[in-house]
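Student: I have a protein model open and I'd like to learn how to read it. Can we go through it together?

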Amino acid sequence: MTIRVMVVDDHSLFRRGLTALLTHEPGLEVVGEAADGVEALRRVKELQPAVVLLDNHMPGVRGVDLLPGLLEVAPETQFIMLTVSEDEEDLAAALRAGAAGYLLKTIDGQDLAAAIRRAVGGESVVSAEMTHKLVRAFKASTAAAPPPCAASAAEESLLSPREQELLREIARGASNKEIARTLGIAETTVKIHVQHILRKLNLSSRVQVAVWASERGLG
């Protein structure tokens, strides 16, 4: 199945180069581009791509600030930040806002294509250079936050025992395929459970689920 991709970046030369690069990747099709937030919201709503590659720093708006609106008009779309920023606060903000991944623009073309495919498959995609910063950011937020309380237990009780098992697997970074193998269920069943978890916890992406679980010590 062809994966429909959209590119949102204010630099036209970068957009065109990225479009040309992805065109040569089997199974990927760039269906649209946008240069700013207003155009991005309109075109994402119109095109409903499977994946949007979203720059974080554009004139007048940050990509992370666009995410809530983009997710509202295209809840099934996976949004991957593709940026030059190696700031761990940008990384944490993007994942908390619902991004499916955070990749640096220095990424190799084939690695980018592979990341797009993994995101569509339900995996979190973060550049290797940013992984240690992600861990550091979560440790800092956990240290600053009060210890888990009854409210966390009440939230988790919304989930069925099977969904709680999946929650812990997601928190440790397991892919849908790995979860299916571990729990002895079909991969399609895993995807259904993930959607139920998102709805019950009022979250918008798999990455947010991992963050939610990690913050509560469930990983």
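This is a predicted model: local features need pLDDT of at least 70, side-chain atom pairs count only at pLDDT 80 or more; totals for chains, interfaces and linings use all residues.

Student: Is Ala40 buried or exposed?

Tutor: Ala40 counts as buried, because its relative accessibility is 0%. You'll find Ala40 in helix α2, residues 37–47. Helices (H or I, at least four residues) and strands (E, at least two) are DSSP runs, numbered from the N terminus.

Student: What does Ala40 touch, not counting residues up to four places away in sequence?

Tutor: Contact means heavy atoms within 4.5 Å. On that basis, Ala40 touches Met6, Val8, Ala34 and Leu70. Ala40 and Leu70 are 30 residues apart in sequence, yet 8.0 Å apart in space, C-alpha to C-alpha.

Student: Which residues are buried in helix α9?

Tutor: In α9, residues 176–183, they are Asn176, Ile179, Ala180 and Leu183. These cover an arc of only 100° around the axis, which puts them on the same side of α9. The arc is that of the directions from the helix axis to the C-beta atoms. Exposed Lys177 and Arg181 sit on the face turned away from that buried side.

Student: What do the buried residues of α9 pack against?

Tutor: They pack against α8 (161–171), α10 (187–201) and α11 (206–215). Glu169 belongs to α8, and, leaving aside neighbours within four places in sequence, Glu169 is in contact with Ala174, Ile179 and Thr182.

Student: Which polar contact joins the side chain of Ser85 to another side chain?

Tutor: A polar contact is a pair of N or O atoms within 3.5 Å; within protein, one must be able to donate a hydrogen and the other to accept it, and residues adjacent in sequence count only if both atoms are side-chain atoms. Ser85 lies in the loop between β6 (78–83) and α4 (88–97). Its side chain is joined to that of Asp90 by a polar contact of 2.6 Å. The Ser85 side chain also reaches the backbone nitrogen of Asp87 at 3.3 Å.

Terms used:
Residues are numbered from 1 along each chain as its sequence is written. Side-chain values use heavy atoms; hydrogens and water are left out. Buried means under 20% relative accessible area, exposed over 50%, partly exposed in between (1.4 Å probe, protein chains only).
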